[in-house]
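Subject: Handing over a structure, with notes on what was found

Dear colleague,

Here is the structure that I promised to pass on to you, together with some notes to read beside it. Please look at it first, and then go through the notes with it open.

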Amino acid sequence: MVRRFDTVRGKYVEPIPEQRRFGFAHTDSNDLYDLVGWAERGGYPGSTVLIYDFETGRVYEPFQKERDVLFANPAFADGEIVLLRGDFKDKTLTVFRWLPQTE
């Protein structure tokens with residue numbers, strides 16, 4: 001059976017470990033370690049993370065792209081998707097949780 005996502009972004013979708021329903025993709029290939037190098041070059045243009053529901057085909061983009069903001073790979077724990085957001089400008093790391101059964 002072929003399942004289609006409601007939005008095609010041309011990204012490589014990886015499963016979120018420890019579960020089988022959700023996958024993710026980043027809007028670019030940088031990670032949190034790259035923020036220091038970007039800061040030395042004047043700042044990072046920003047990226048976000050996409051969450052793919054393999055059962056429904058829905059694609060979620062829970063955050064808007066912001067300058068100097070980057071997301072780590074999501075994790076799955078206790079029935080929740082956990083997202084780590086790094087903001088180099090504010091020098092903060094923020095953990096968000098998303099319950100898959102909610103919007």
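I begin with the rings: Phe 5, Tyr 52 and Phe 54 are linked into a cluster by ring pairs, where rings of Phe, Tyr and Trp (its six-membered ring) count as a pair if their centres lie within 6.5 Å, and where planes under 30 degrees apart are called stacked, those over 60 edge-to-face and the rest tilted. Before going further, please keep in mind that this is a predicted model, in which local features need pLDDT of at least 70 and side-chain atom pairs count only at pLDDT 80 or more, while totals for chains, interfaces and linings use all residues. Residues are numbered from 1 along each chain as its sequence is written, and side-chain values use heavy atoms, with hydrogens and water left out.

The chain as a whole

The protein chain has one helix and eight strands, which are DSSP runs numbered from the N terminus (H or I with at least four residues for helices, E with at least two for strands), and from the N terminus on their order is β-β-α-β-β-β-β-β-β. The radius of gyration, taken over C-alpha atoms, is 14 Å, close to the 13 Å that the globule rule gives for 103 residues, so the chain is as compact as a globular protein of that length; the rule itself is 2.2 Å times the number of residues to the power 0.38. Of the 103 residues, 37% count as buried, a word that means under 20% relative accessible area, with exposed meaning over 50% and partly exposed what lies in between (1.4 Å probe, protein chains only).

The nonpolar core

Which residues make up the largest nonpolar core? The twelve are Ile 16, Phe 22, Phe 24, Val 49, Ile 51, Tyr 60, Phe 63, Val 69, Phe 71, Ile 81, Leu 83 and Trp 98, a core being a set of buried Ala, Val, Leu, Ile, Met, Phe, Trp, Tyr and Cys residues joined through side-chain atoms within 4.5 Å. At least two residues of this core come from each of strands S2 (22-26), S3 (49-53), S5 (69-71) and S7 (80-87). Leaving aside residues up to four places away in sequence, Leu 83 touches several others, among them Val 49, Ile 51 and Phe 63, where contact means heavy atoms within 4.5 Å.

The aromatic pairs

The structure holds seven aromatic pairs. One of them joins Phe 5 and Tyr 52 edge-to-face, at 4.7 Å centre to centre and with 65 degrees between the planes, and this pair links parts of the chain 47 residues apart, since Phe 5 is in the segment before strand S1 (14-15) and Tyr 52 in strand S3. Phe 5 is partly exposed at 28% relative accessible area, whereas Tyr 52 is buried at 2%.

The rings of Phe 22 and Trp 98 have centres 5.6 Å apart and planes at 80 degrees, so this pair is edge-to-face as well. Because Phe 22 lies in strand S2 and Trp 98 in strand S8 (residues 92-98), the pair ties together parts that are 76 residues apart in sequence. Phe 22 is buried at 2% relative accessible area, and Trp 98 also counts as buried, at 14%.

With kind regards
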